[in-house]
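Subject: Structure handover, aromatic contacts

Hello,

Here is the structure for your files. Please open it alongside this note. My findings on the aromatic rings follow below.

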Amino acid sequence: MSKEQLPILAITMGDPAGCGPEIIVKALADQQIYQICRPLVFGDAGRMAMAAGIVNSLAKIHATAEPQNGLYEYGTINVLDFANVPADLPFGQVDGRAGHAAYQYIEGAIRQALDQKVAGIVTAPINKEALHKGGHHFPGHTEILGELSQTNDYAMMLSSDDLKVIHVTTHVSMRQAADLIKKDRVLRIIRLADRTLRLLGLEKPRIAVAGFNAHAGENGLFGREDIDEILPAVEAAQQEGIAASGPIPPDTVFFRAAKRKEFDIVVVMYHDQGHIPIKLLGFDSGINVTVGLPFIRSSVDHGTAFDIAGKGIADSGSMTAAIEFAAKAAQGLAGQTDA
């Protein structure tokens, strides 16, 4: 594949006060990244230059106004420059100016993705408090992406080397999660899991569906959600030809997926049910993927690391993995379109 055929990926800089700028510089120090995609940072050129200095990178920062005008060569970091970060903005502190800037990068990347000027979006971490102080009242990236792309049918997927999970509910209370676990919602997530893994090259993804209650409800003794909502969704998916199994007790399903390799992905019912095993197995290399959007989106699976931001020691493994995932998915989508 020639350089001109490689997908352009929008990499949002994240909160300028966080570790995003430096982990992007570190990730783009890997020459192989330039062999699978054309990376374009949506951020502030001055902040990226500062980050390059912090991590002792010799990369050149090249500001561009249009994705197609970037100089996609190893050793050059292309930045679609918003020029929206004050030079005196400190690292490691919650600041509404940084939250607003981070929102602008996401908004700009979404617009370019919808216009098909970029093939996918990779996001560095944002700080929710700073985002709110900047005037943008969203729970996180996923909700911004859904609203600005006018998408209702989306879900969060987490991926590590050993395990993939996709969520039926995310940023809600446990009490709310129980009310949201309905057959149609669970079936929709099973379908999204199947569609996403097929995009990544699996012909017949094996999908485990975790139970919600202890022992998957123990035939109704510990709650009715597993019997009344989850099981019917699994049966409906099976009738559609999807290789779904469940509900499987949540205390064994991750062992069967990650260690025995019986399943390719686990559909989980709530936030921590999926996040805990992923972060246990792949804290430094896990990634967050929003599926169901009209474009590809992957992200690091960690926060802004304000305690170490600006010191050049933040690990870039998750950013590298997120870029690699988006590049692979973009090439898979392009292959489906060509077919």
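Rings of Phe, Tyr and Trp count as a pair if their centres lie within 6.5 Å. On that basis, F42, F82 and Y105 make up one aromatic cluster. Bear in mind that this is a predicted model.

The structure has 5 aromatic pairs. One of them is F82 with Y105, in an edge-to-face arrangement. Their centres are 5.3 Å apart, with 70 degrees between the planes. This pair links distant parts of the chain, 23 residues apart. F82 sits in the loop between β4 (76–81) and α4 (96–114), while Y105 belongs to helix α4. F82 is partly exposed, at 24% relative accessible area. Y105 is buried, at 0%.

Next, Y103 and F138. How are these two rings arranged? Their centres lie 6.2 Å apart and their planes meet at 20 degrees, so the pair is stacked; the cut-off for stacked is under 30 degrees. Y103 is in helix α4, and F138 is in the loop between α5 (128–133) and α6 (141–148). The pair therefore ties together parts that are 35 residues apart in sequence. Both Y103 and F138 are buried.

The charged end of R47 sits over the ring of F91. The distance to the ring centre is 4.0 Å.

Best wishes

Technical notes:
Residues are numbered from 1 along each chain as its sequence is written. This is a predicted model: local features need pLDDT of at least 70, side-chain atom pairs count only at pLDDT 80 or more; totals for chains, interfaces and linings use all residues. Side-chain values use heavy atoms; hydrogens and water are left out. Rings of Phe, Tyr and Trp (its six-membered ring) pair if their centres lie within 6.5 Å; planes under 30 degrees apart count as stacked, over 60 as edge-to-face and the rest as tilted. Helices (H or I, at least four residues) and strands (E, at least two) are DSSP runs, numbered from the N terminus. Buried means under 20% relative accessible area, exposed over 50%, partly exposed in between (1.4 Å probe, protein chains only). A charge sits over a ring if NZ of Lys or CZ of Arg is within 6 Å of the ring centre and within 35 degrees of the ring normal.
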